[in-house]
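Dear colleague,

Please find the structure below for your records. My notes on the findings follow it.

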Amino acid sequence: MTDAIDYADDERESESGRQIVWRARSVGLVAVETDDAELLHRWRSDPVAAHEIGIWPRSVTAMRERIERDGDDDDRDDFLVVLLPDRTTVGHIALSGQDIVNGSARIELMLAPEHRGRGHGRHALDALVDLAFGELPMHRLTARTHTDNAPALAVLSGSGFVREGVSRSACLHRGRRHDLAVSSLLRTEWEALDRPRAWDA
Ligand SMILES: CC(C)(COP(=O)(O)OP(=O)(O)OC[C@H]1O[C@@H](n2cnc3c(N)ncnc32)[C@H](O)[C@@H]1OP(=O)(O)O)[C@@H](O)C(=O)NCCC(=O)NCCS
């Protein structure tokens with residue numbers, strides 16, 4: 001598995017089956033496939049991601065099985081984030097816990113270590129938010145991260161998420177309990193955002 005989805009034009013993209021299913025200005029989203037297990041496993045093994053998201057590395061086989069299970073779940077959609085136009089694969093984003101009755105879902109976001117700090121997180125988040133509110137009947141999106149995860153909190157706030165509370169002592173990592181900040185974005189707040197939507201790209 002390479003980090004770049006290697007297709008030069010739309011024809012090859014379609015032949016490869018790795019179509020960009022959602023496009024925004026600077027990023028595209030590609031549905032996660034089982035063969036992405038190695039890549040996701042590598043990213044999830046990064047100590048910063050493991051700390052901030054509260055995950056620990058398991059085997060690549062377990063990752064493959066998880067992708068297969070997630071693929072069968074109607075309540076989540078997982079995507080690789082690719083940069084446009086060169087299609088370098090930079091991270092993973094998911095809309096999980098989708099509850100169509102209540103219109104709620106959670107956002108999960110993780111960039112490869114070498115692609116952090118360049119603003120891609122904000123663009124990926126905006127793209128998924130536009131998908132959730134523009135194509136799905138979502139009313140409320142939430143995200144949870146450590147209260148001291150400054151880049152994640154800045155990205156969430158930049159995308160319009162409002163910090164609504166703290167889940168105290170909600171996460172165990174390296175022998176210590178951590179508080180989790182809960183942020184949310186409501187449909188009405190998204191509608192009021194003064195920025196182009198993904199489909200304006
Ligand atoms: C969190 C994450 C997605 C952020 O994406 P990113 O593209 O790397 O974000 P950036 O580093 O470009 O920073 C985004 C903002 O945070 C700010 N920031 C970065 N580090 C900061 C710090 N230590 N203190 C304060 N602000 C900081 C940047 O200045 C930037 O602000 P701006 O949008 O106003 O310019 C990425 O770092 C990541 O994948 N981390 C590991 C997994 C994770 O924590 N996921 C979050 C779960 S919600």
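At which residues does UniProt place the feature "domain: N-acetyltransferase"? The unreviewed entry gives residues 27-189; UniProt positions follow the numbering used here, feature names are shortened, and annotations may be inferred rather than shown by experiment. This is a predicted model, in which local features need pLDDT of at least 70 and side-chain atom pairs count only at pLDDT 80 or more, while totals for chains, interfaces and linings use all residues. Residues are numbered from 1 along each chain as its sequence is written.

The end C-alpha atoms of residues 27-189 are 22 Å apart, and the span is 34% helix and 37% strand. Helices (H or I, at least four residues) and strands (E, at least two) are DSSP runs, numbered from the N terminus.

The ligand has 23 residues around it, of which Glu52, Arg116, Gly121, Ala150 and Ala154 come nearest; a residue is near a molecule if its C-beta atom, placed from the backbone, lies within 6 Å of it. Two or more residues of this shell come from each of helix 3 (47-53), strand 5 (104-111), helix 5 (120-134), strand 6 (140-146) and helix 6 (150-158). Helix 6 supplies the largest share, 6 residues.

Strand 7 runs antiparallel to strand 8 (residues 176-186), joined by 8 bridges; strands pair if DSSP finds at least two bridges between them. Cys171 stands opposite His178 in strand 8.

Yours sincerely
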